Amino acid sequence: MNVHTMNYELGSFLVNAQSNLGLYQLLNLLQDAATTHAHNIGIGLKEMEEMKMFWVLTRQNLIMKRWPKWHDEISIKTWIRIGDGAASNRDFHIFQNEEIIGECTTSWLALSSDSRRPIAWDRNSHLGKLQNEGRVSIDTAKIPIRSGGQKLLSFAVRNSDIDQNMHVNNTKYAQWILDAIPFEDHNKYNLAAYEVNFLLETKLNDLITIERTHTGPDVHFQGVRESDQIVVFTAILRIKQ
């Protein structure tokens, strides 16, 4: 029960123009595995609602050795990792034919449904027996805000971007980045890693502008809310040379 496994066959709706599993689609599979596991161990949406709390993803770091293709089968294993501080940590291994082809680690906070701010709660009483000593080889880190980035595209938050917590779902930020990148760059970007920090919630009708800055193999992105010029997320795509 401490380690949860989900199996997926990569149908046509999960692959991109290169017939590989897409980044946005993979993030949705990781979220599906995490959500199912949380429900199974009693810290899912319903249980958090009863405590007047909800989970929010604050940081994510994903690395991929290679990207599986259309019709391939993969398995995702996920568990809650023992960690320090206020955040709860969840790790993932992505398998194909019993080979680990990817790793992901995430940091989560429990927010109050009323104040939408981090809430003090007895995390150990809920998570203590559920935590696993195993961990992936990567961790999450702070991604700095950068000035002078190239403005790519702006996105108005749509109905389909909103999740059950009434804010933009975390996977949508990756989709915005991918949609903002000129299409010809998609064939140039051999993606090795994706890292993101979520700084503020975004909600229906917010207008978010995506900015890009290149630093070697790392391509930095950030989303700026046009109404107040506040950066709501920072992200990095690491490109294989």
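Colleague: Which cut-offs separate buried from exposed residues in this predicted model?

Modeller: A residue is called buried under 20% relative accessible area and exposed over 50%, and anything in between is partly exposed.

Colleague: Why is I145 called exposed?

Modeller: Its relative accessibility is 52%. The threshold for exposed is over 50%, so I145 counts as exposed. I145 lies in the loop that links β6 (131–132) to β7 (150–156).

Colleague: What makes I145, L199, L200 and I230 a nonpolar patch?

Modeller: A residue in a patch needs over 30% relative accessible area and no salt bridge, and nonpolar side chains are joined within 5 Å. I145, L199, L200 and I230 form such a patch on the surface, and together they have about 320 Å² of accessible area.

Colleague: What makes strand β4 mostly covered?

Modeller: Buried requires under 20% relative accessible area, and 9 of the 9 residues in β4 (residues 88–96) are buried.

Colleague: How do you know that both faces of β4 are covered?

Modeller: In a regular strand, side chains alternate between the two faces of the sheet. On one side of β4 are S88, R90, F92, I94 and Q96, and on the other are N89, D91, H93 and F95; all are buried.

Colleague: How do you know that β4 pairs with β3 and with β5?

Modeller: Pairing calls for at least two bridges between two strands. Strand β3 (residues 73–81) and β4 have 7 bridges in the antiparallel sense, and I80 has R90 of β4 as its bridge partner. Strand β5 (residues 99–112) is joined to β4 by 9 bridges, again antiparallel, with D91 opposite T105 of β5.

Colleague: Why can the chain be said to agree with a compact globule?

Modeller: For 241 residues, a compact globule would have a radius of gyration near 18 Å; the chain has 18 Å, so the two agree. Along the principal axes, its C-alpha atoms fill a box of roughly 50 × 45 × 30 Å. The chain contains 5 helices and 11 strands, and buried residues make up 52% of its 241 residues.

Colleague: How much of the contact count comes from residues 24 or more positions apart?

Modeller: Such residues account for 71% of the contacts with a separation of 6 or more.

Methods
Residues are numbered from 1 along each chain as its sequence is written. This is a predicted model: local features need pLDDT of at least 70, side-chain atom pairs count only at pLDDT 80 or more; totals for chains, interfaces and linings use all residues. Side-chain values use heavy atoms; hydrogens and water are left out. Patches are made of residues with over 30% relative accessible area and no salt bridge: like charges are joined within 9 Å, nonpolar side chains (Val, Leu, Ile, Met, Phe, Trp, Tyr) within 5 Å. Accessible areas come from the Shrake-Rupley method with a 1.4 Å probe; for residues, only the protein chains shown count as cover. A salt bridge is a side-chain nitrogen of Lys or Arg within 4 Å of a carboxyl oxygen of Asp or Glu. Helices (H or I, at least four residues) and strands (E, at least two) are DSSP runs, numbered from the N terminus. Buried means under 20% relative accessible area, exposed over 50%, partly exposed in between (1.4 Å probe, protein chains only). The radius of gyration is taken over C-alpha atoms; the globule rule is 2.2 Å times the number of residues to the power 0.38. Contact means heavy atoms within 4.5 Å.
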